[in-house]
Structures are given as C-alpha cells and as structure tokens.
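Please look over the structure shown here. A short report on selected local features accompanies it.

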Amino acid sequence: MSKFTFTPSQQRAIDESGTDILVSASAGSGKTRVLVERVIKKILAKTNIDDLLVVTFTEAAAKEMRQRIQVALQKAINETDNREDKQHLVDQLMRLPVANISTFDAFCLQLIKRYYYVIDLDPVFRMLTDVTEAALLRESVWEDLRESLYATDDAVFERLTQNFSNDRNDDGLSELVFSLFTFASSKPNPAEWLASLAATYDVGDDLVGSLYYQTTIKPLIQADLTQIQADLKTALDLSVHFSLTKHQVVTEEEIQLLVAIVQSVDDDAAWNQIHDNIRGYKLKRAPSVSAKNLEADQATAKDQIKDLKDGIKKRLTNLTERFFNLNETETLEIMAESKKLIEKLVDVIGLFSDAFSKEKRQRHMLDFNDLEHLALDILTRDSETSVQTRTALQAKYNEVLVDEYQDTNQLQEAILTRITTKNPGNMFMVGDVKQSIYGFRLADPGLFLSKDKAYKEDDSQGNRIILAENFRSVENVTAFTNLIFTQIMDNRVGQMAYDTDAKLVFGATYYPDVEQNAEVLIYESDEPETFENPDEPVEATNEQFEIDGKSEGQVALIGQRIQELMTTKTEIFDRETSEKRPVAYRDIALLVPTRKNNLVIIDMFKKMGIPVVVNDAESYFQTTEIRIMMSLLRIIDNPYQDIPLVSVLRSPIVGLDENELAYLRIGNRTDDYYQAVLTFYQNFDTFKESGFAKNIYQKIDRFLTQLSGFREIAHENQIATLIWQIYQETGFLDYVGGMPAGSQRQANLHALYNRAHAYENSSFKGLFQFVRFIEKMQERDKDLAEAPVQNVENAVSVMTIHGSKGLEFPMVFLVDATHQFNQMGMRMPYLIDDKAGIGITYLNPENRTAMDTLQKSIVKSAVIEKSEAEEMRLLYVALTRAEQRLFIVGAYANRETAIKRWQKAFQSQQLVLNAPARSGIKNFMDWIGMALVRHPQFDKSLLLDPPVVPQLLDENAVKTQFSVSFYQKKDLQQLSVSEEEVTQIDWLEATTDGMPETFGTIDVDQIDKVLNFKYPFDNLTKTTAYQAVSEVKRLFDDPTNREMDQLSIAGQGNRYVTSELAVPKFMQGVTAPTGSDIGSATHLVLQELDLTTEVTLVGIQTEIKRLVSAKVLTQEVAVLINEQHIANFFQSDLGKEVVLAGNTVQREAPFSMLLPASELFQNVESPDEKVLIHGIIDGYFIKDNELILFDYKTDKVSKDNTIEEIEKLTARYRGQLNLYGEALANMTGLKVAHKYLYLLAANRVVEV
C-alpha cells in the first residue's frame, strides 16, 4: 500500500486482530502513521469507515487523523485499477466526513442525541461549553444550598464548616466540595465511590488489628524501616571497607537497636509500643575523627556516611510526624470524629450534585461531564432499550481504536468496555504511558499500566506490542534521554520500570553528520532559595534591562546562546528538503514548566533582537495591568473598598504617589478611604491650599469625574462596553503598550475585554457577578482565557511542556529546569486520591489544634508518588520534543549548591539511583544532574570531592555527548538592543477614502504619478552620506575587498555603528575608567608631548601632571596611563624618527574624503552618489618627499607577545591604515612610502 517501510513491530500493530491490542508507542515511533495504516488496511478489507470508531484526545488530533485518512484513501484510489475496489474506496471517501473519528466528548454527545429516549432525557438542550458560565452556575447552586444547610442548625455541618474554613470566610469548605465533586465525577459511579470514603476511618478499637492498618499503614512503616536498615548497612560497609573503626562500632549499635523496632512492627506489637520505640530511636552522635589522621579515600567515605545518616534522620523525623505523633487512644478518637465529618461531607456533596443537576435540567443545559455519565447511563441501564442499544453498538463497530490511551480515565474506560466485545476482543489501544501528563484532568495511567502488565503475563487477555524506535531524533537525543531515565525511573519512583521495553531505540538513521551535543547551562544567581509560590508570574525586567534575578539570568543565557547559534550559522538537517541549512529562529522552541516567565522572555528577547511568539495563554489575571483593571472594576461596582481604591489611585490611571495618598488619609483618619477622598475633594479651597494640594485636587477631580461616568455606563451598558470606554478615556491600553513586554500586556487587556464579552453572552449579568467570577478564577488559578501576542513566521516558539506534547522541533531549550515542583496542594487541610480516598486535617473544636489523621498521611504518600511520577513523565515529554539539539537551562545559587545536590548520586551503587535520593527531588535539574554526574564524560573538575565512580552504564550510554557549563552574571555579554520595525500603512488612502470630490477637472494621472513617486536610489536613504573610518575599514583590509565584499544596507535607516546609543552622563553611575578612557588619555599625552626636545620618562610624567592641572585629564584616568610604554615608543627606531622630524610631525590630523557609494554598498547603481569618509590620523611626517604614516594602539597583549597575537592585531587594523594611506595620498599628492602600527603594550613596530 505505502512505500514507507514499516518495522516488524509496526507491521504487527497494523496487521494483528482477533483480540484486544495494546500498542506501547514511544516518542517519535510513528504511532499516528500506524493507526492510519491500520484503518486503511481494514477499509481495503471491505470494512466501511463508519463501522470503525476512532477516539482521539483532542479535536486537533481528530482533524489530523481524518485528513491523513483522506490522503491515504485518495492515494489508494489512484493506485488501484480494480473497478470494484476503486468504487469501494470512493464510497469510503464520501463517508469520511461523517465517520466516527472524534474526541470522546463528541462521541458521547452523538450517542446522547441519538439514544436520549433510553434515559428519558429531554432532547432539547444546549452545551454548557463556556467555562465562565459553568463556574458561575456552580457557585450559584452551592451558595443557595449552603445557606439552606446553615438554616438547619446542623451541629455536624457546623463542625465540618469550621474544620475547613478560617475566621474570615467559609471558602475552604466550598473549595473542598468542588474538588471532591470534580474528583468523583471522573468515576463510573460517583455516589458509590463517595460512600466508600468514610470506611477507611472505621478501624474499630484495635488499630494494629484493623484491616486498614495491616493493608495500608503497616507496609508503609515497614518500607521506611527497611530503607533505614539498608542505608545503615551501606554506612556500615563503608566504615568496614575504609577501616573507619569508630564509625563501624557506632553503626553496628544503631543497626542492633533498629532490628528490635523492626521486629516489633513485623510481629504486630501494640500501637503504643511501636509508637514509643520509634519515637525513642535516635542515631548516635558521630565519632570524632581528625581529618589529619585520614587518607583521602577515608575522608570521602566519612562524608558519605555523614550524608547517609543525615538522610536517615530526616526519614525518621518524617516517619514520626506521619504516624506517631499521637498514642493509640488519641489516634482512634481523631479517626472517629473525622469519620463523622467525612460522612457529613459525602451527604453534602450528594445534595450539591442533585441540586446542580436539577438546575442544569431546568435551564436545558449539559456540561462535558454530563456527556460521559449520560452516555454510560444509556449503555448500562437495566432496561430492554438499553440492552438493545448496547448490543447494536457492539455489533456495529468492527473495531474501536483509541489514541492516547494513557490519558483516559475510569469513566471513559467504562464506556469503552460497554461498546466493545470480549470474544474476540476488538479494542485497539495506542499510547505511551511515559507521556501521561494530564493527572490534573484526572487521567489515569494506571489503566494503561495494568493492561500492559496483564497482557505481558497472559497473552490470552490481549496482545502487547512495543514500538520503541524513535524516528524523530538524532542518536544523541535518544541516548541522552535513555541515560537520564534508566537512572531515575522505576516502579518505586515513576510508577513503571524504564526497562528494555520502555527504552527508546534510535531509528532516525536518515540524519547526516550534524552537531548533536546536549548542553546543560546553569546560571549562578547568587540568590538564596525561596519557598514562595513557584508559579507566581514574574514581571518583565527594568528599563535598563539589568540581570537581577534567576529568571532574567536564565533568559539572558538562553538569548545569548541563540544569538551564538545564529551568528555561527549552526547547521541543522531540514527533514523536508533532506538538506543541511543554517538554523532559523523558527527551528527553536523554548519549553517552560509554567507561564510565569513569559513576560520576561518576551521583553528580553525583544531587546536582544530575537523574534519570539508565545503559543500558550498568559496567566494574565496575575499581571499588573489586569490587577489594576480589576481593582478599577471593583470600585466602579463599589468604591467603598480601600485596597482596590488605593491600587487605582496609585496606578498610572490616577498617578498619586505615596506622599499624596498619605495626605488624603491625614484629612480623614477614621472613615474608609473613599470617604477620605471625598472629604478632601468637597472641602478643598483653591485660595487656601498649597501647590501640592492643588496638584492632588486636579488628579482627584479627574478621577471622580471618570468614576461617575464609568458607574453610569456600568448601569446602562454591557461590561465589555464599560471596559473599552475605560481604555479610551484613561489611555491605559496605550500606556501599557509602552511598558516592557508592551505587546503582551496589550494582548492581556484585549483578552480581558473578550472575557467580559463572553461573560455577557452567558445567563449571568452584572458587574458584581463578573468581578466575583474573576476573583474565583484567581483564587483557584483557573485562568482560562488566551492572550496571544502577534504571530511571527520566523520566530522562536515559547510554550509550556504540556502544550508541546505531540510537537517536535529541531532545537529545544528546556527552560527553568530548576523550577520547584508545585506542592502548594500538600498544604491543604485535605488530600484526595482515587484509591487511597480522602485524608483530612482534623481541627479540635475545643482547643482549636489541628492534627493530620493517619489517613491523610497515607493519602499524602499516594499523592506524592503520583505527582513525582507525573513530573518525571513531564520531563520525558520535554526531552523527546527535540529532533537534533537539546539545551537544558536552570539556575542555582552557585556551582557548589548544584554539585552538592548532584553528588548525592554517589551514594547509589546500582544503575538506578536510590529511591530516597530520587523521591526527595523538587525539580527536573536535580534529577538530570544526578544522572549525569556519574557519567565518565562529566567534567570531574566541577566536582567538590571527586570520588571513585563505579562503571554502571552500558556502551551506548557512555557514548552520550553532553556538556555542563556554569555562568555568572559577568559571563553574559551586554545585551544588544534592536529597534522594533514600524508598521507601514497606506495613510493617504485611509485619509482620502470617502472624501467628497470638491475639485474641478484635474489631471488624476499626474497626481498619481507625483504621489506614487518612488525614489530610484531607495537603498541610499537607508544609510547616511558620511561614515567613520571604523565603520567601513573592513573593505580596506585587502584591495580586492572593494570589489568582492561590499557592505549591505540594513532594512532600517541606521549608520554602520553599534546599535546602542551612548549613555548620557546624567544616566551614568560612578564607574571605574574603561579601557577606552585610558586609551584616549594615552593618545592625548602622545599628541601633547613636546617633540623639539628629547622625550624622557620625567618629561612624560610632567606633561601628564600638566594635563591633570588643566582639568583636561582626571586624576583617576591619569594614574592608569602606562608612562613607560610611552617612553618605550620614543626609544624605538620609529619614535626616534618622529622626534627627529620635530615640529613637522602632524599629530591627530583630521581628514575627510569622498568615495563612490557603489564601492561601499551593494545594490547601489548610481555612479554619481558619494559617501563622505571621515577620521583622525594619529600621526605622519614627510621624509625624502614621501609620507611616513604611524598609528599607536593600546590593545592589551600577553607577556609572550606571540607572533599569532601580533598578526591578529595587525589584521584588525590593516584596513584602517590602508584607508588612512589612501586619504593622505589624496590630500597631499604624495606617495605613502610606509605605514606603521606601534603596539604600546608589546613595544613592537609593525609595518603594514
């Protein structure tokens, strides 16, 4: 069928049938091609396309699948000569538009529309697709229910509210209700799952004898104790091997004491005994051993033992806090009370679910969650019509093909099993569990893993096919990914083993020899670590664009590396043309863990001249401009809100500063701030007040006038109209456009307008409700609108790792790999897991003390395990997006901090790193660093104490190419600034459109000719008619350059000088003299020395003092002039000739000359156009009717004065001296016999 040659595994996935099939398709393995080929093969076997059900994860994937099948069908039609086959294929092509190739939601909607009568559903409904409307409706239903519950005076509900709320509001309870409702909604039977939650709190009177303890708590305690034993055994082995006798004795005692504790747990001793044993177990103080008495390997072993025991102490502390804070009686009491709260909570969620469903039915609405539950209801009801429907669908679908199976949930799985058959099985599932990254959407990778295990152990249940070949990436990307994951992923940390079946296999053999080295780039921020919200957006940098933090440092480092790639024209292999070419901006993608640095990236890349497009929505509700707008909307709704009011007054909209705000408050210290503003405004006396007060009055007058107008608009118009009026009257939209990342900020404000417009189209109205909704979105970090910046065709792409799934790029930068995993949820008073249930923090109503239940500790362990596994899979997705080059960027306080963390890997003597070392990791880079640090290629000079590293890696892993580099602020070059292009518009046409014709007879053609006149030498308008020598000297390096290497004129009107303007003195700080300052001062001294007498060192010093006294030189610069270098010049043969020439020597001689523009610039056709070249010659004199030209340079030269170094400097200035010579010859009419370059630092004369 296709000329593409499939691998044996791919061919199996295409051909096999007669049973359920699970295809584990690694990144880049061609799963979509295989899926399409399987569909085509079935069609060729006379299966109709509409007898297949193809379920995809996204609408985009469904569209792509349909398009690929269409192309394959058209190709098959063209290739077949059989009339019957051709007719069948044409028929399939006609059926394709209505074929069942869709998302799961779309399939369920189709099922409901067709079989609504099975469940007595009103067929007239609309989809609640707008998340704004859905959230507001849910809030409204809950508020009504909550008020009714408060009215019942239910004591348990009151305790439930107190347990999860604070002294300000009951939002904590609301958050819990919504979270648990959403979680339950992903289950096939939500009510049944909710009802099971309280069961874990029912353990009876004997905690140790309970089933919950035996099956859940005990294994976790044993696992921790086993790990402590293993670590102590490792410490003991080290002490024995390296003859650390004192450490050996202490460790043996610790092991002996621990054995008794382990035995008590294994033997099910009473809870209180285990409690006392574990709380009483302490590691002994480390023995004192002088470092002077230790060999180097003993000292290293001692440090390793210390690290091991520090880890054991942390594990013991964690074990105690999780399980043994309370005795058995206290623990059982808390469980019993917590059970009551859980049971009440389940009842409340049941009431809310019923009320929410009822409200939606009354409004004839369905949301996406309803679709799946109603579809399952249609298929599972105990009625004749339901059975008939299920049987008909099973008979209809020849096969059900599920793409991205790893991202399905239990509810979706229940639907799939109802429409497929078992004997023979007809479900074809394809996916990669290593790319399951949608846990926040309640995807359950356990479904994939359980089938993978079952099919592997018993192929009668289904076939398991592995697609391991990666046809996307060069060999080094594949090897690098394997190098990392063979060491960090297993069943304990990662929920699956990265074994032979999971490893990537290099399959992209079509790549030629291209640069493949993976680069790890670390910015040393010199900042202490913080534990604030890691996803809080970072504002754009300051106007001077200084690097003042981790984010700016990383972005500057990335920008500099991109500029290097562009400057050096690094080649990539273009897979479309099958040729090498220089890398373009569009070949580069920046993958970010969160969107928090988007504004920094946009702003800094703009300054660096790097085009960038942000593909993901910006968290714009958290940005400054949106916060200001939301504050303004709040006070339009109700001005008696102090914090929003002050934020508006302080903002650019009003423009009061801190002193002016304080002045307003002083006038009225007791009322709310709005009343203080009114007091000032109403009592203002123009004749009595100071200029300071008058300035405030003008601002307040304008603000109150605008506020009154805005409030009137809000009462009479839609919110979108109000927002746009605010933009127009205040100029705020234009103002933010001039701020750093202005385009993104304006896009954010436009997004707010669009959000308001969408809100008005819902069933909710009013400014108060809109503000309330936005507040809820901010609280839950559910910013759901998009605020894209302008798209650029050739630009670096920026997107989240989640957003990059399914995409691929020649070069990938993993940005902010040291970004802390978000564990804010762990601090909540409740945690939820689909298997472990719900764990809560119990608040004692009498003494208001909070204590985590044992159930919460269990749930927390499960949540952490899943979270770590998902973060690991997220890293896998990021690394496998790269086709050819991979760059991983992060920031640590310093190199020592990074290496110290990574060197924990040396505690592991197996290929897979110790579980404790991996499970405590909080960012990608620590995983990566620990995996790299044991590699033979790792730069041992970076290590703090280079240990002996066991050879654990296989031959392919050892061949992996990578480098690790550390950068400090001083290592980053000065960022170049690039002007933005000015958009050209046909202003004349825009102005004259629609104007009445008030003129008489006129020659329209002549007017058009004049108005549309185009200057024939347009290129010359893009440069100046004069150039400095330094700007064109390259053309004079060699005589042939004038013909072969003309300068090109840029698209914008710039001279050939640096793109940065000189910093005015009033903006300059007090800095040390630069090399340029010292060089200019040296030239000045050489110019001013008296040549009529012998030049000596004393004379030079005297001249410098004179120049300082005359305030021509500053003392700071004068002391840095190398007087000996100047004296050496006059002792040279050239210097002696200069002195001999005396007053005839011309020093610092200005010159100018005209050169044809066509000799300097490309594409200049006019022979008459000239360019004025100007400059200053250090010196020349006439000898024997010929010119001797000399120029001194203060460039630094090494002490060795190597020939190569001298030649390099000569080459740098050859063009300049050639141009000086040509100018002198033109000015004087004399021949330039010699051109000398004198290098002061090297005391060398070089003839050019």
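The report below covers a sheet, an annotated span and a surface patch.

## Basis

The model is predicted.

## The parallel sheet

Six strands form an open sheet in the order β3-β2-β6-β7-β1-β8, and their pairing is parallel. Strands β3 (100–103) and β8 (463–467) are at the edges with a single partner strand each, so one side of each has no neighbour in the sheet. On average, neighbouring strands of this sheet are turned by 15° against each other, direction ignored.

Within this order, β7 and β1 are listed next to each other. Strand β1 (residues 21–25) pairs with strand β7 (residues 427–431) in the parallel sense, over four bridges. Serine 24 has glycine 431 in β7 as its bridge partner. In general, strands of a sheet pair through backbone hydrogen bonds, in either a parallel or an antiparallel way.

## The annotated coiled-coil region

The unreviewed UniProt entry places the feature "coiled-coil region" at residues 291–322. In the model, this span of residues 291–322 is 84% helix and 0% strand.

## A nonpolar surface patch

Ile1007, Val1010 and Leu1011 make a nonpolar surface patch of about 270 Å². Valine 1010 has its place in helix α38 (residues 1004–1011).

Is valine 1010 buried or exposed? Valine 1010 counts as exposed because its relative accessibility is 54%, and the cut-off for exposed is over 50%.

How values were computed. Residues numbered from 1 in each chain as written. Predicted model: local features only at pLDDT ≥ 70, side-chain atom pairs only at ≥ 80, totals over all residues. Heavy atoms only, no water. UniProt positions renumbered as here; feature names shortened; annotations may be inferred. Helix = DSSP H or I, 4+ residues; strand = E, 2+ residues; numbered from the N terminus. Patch = residues over 30% accessible without salt bridge, like charges linked within 9 Å, V, L, I, M, F, W, Y side chains within 5 Å. Areas by Shrake-Rupley, 256 points an atom, 1.4 Å probe, with all protein chains shown as cover. Salt bridge = Lys/Arg side-chain N within 4 Å of Asp/Glu carboxyl O. Buried < 20%, exposed > 50% of the residue type's maximum accessible area, 1.4 Å probe, protein only. Pairing = 2+ DSSP bridges. Axes fitted to C-alpha atoms, helices over the stretch in contact; angles between N-to-C directions.
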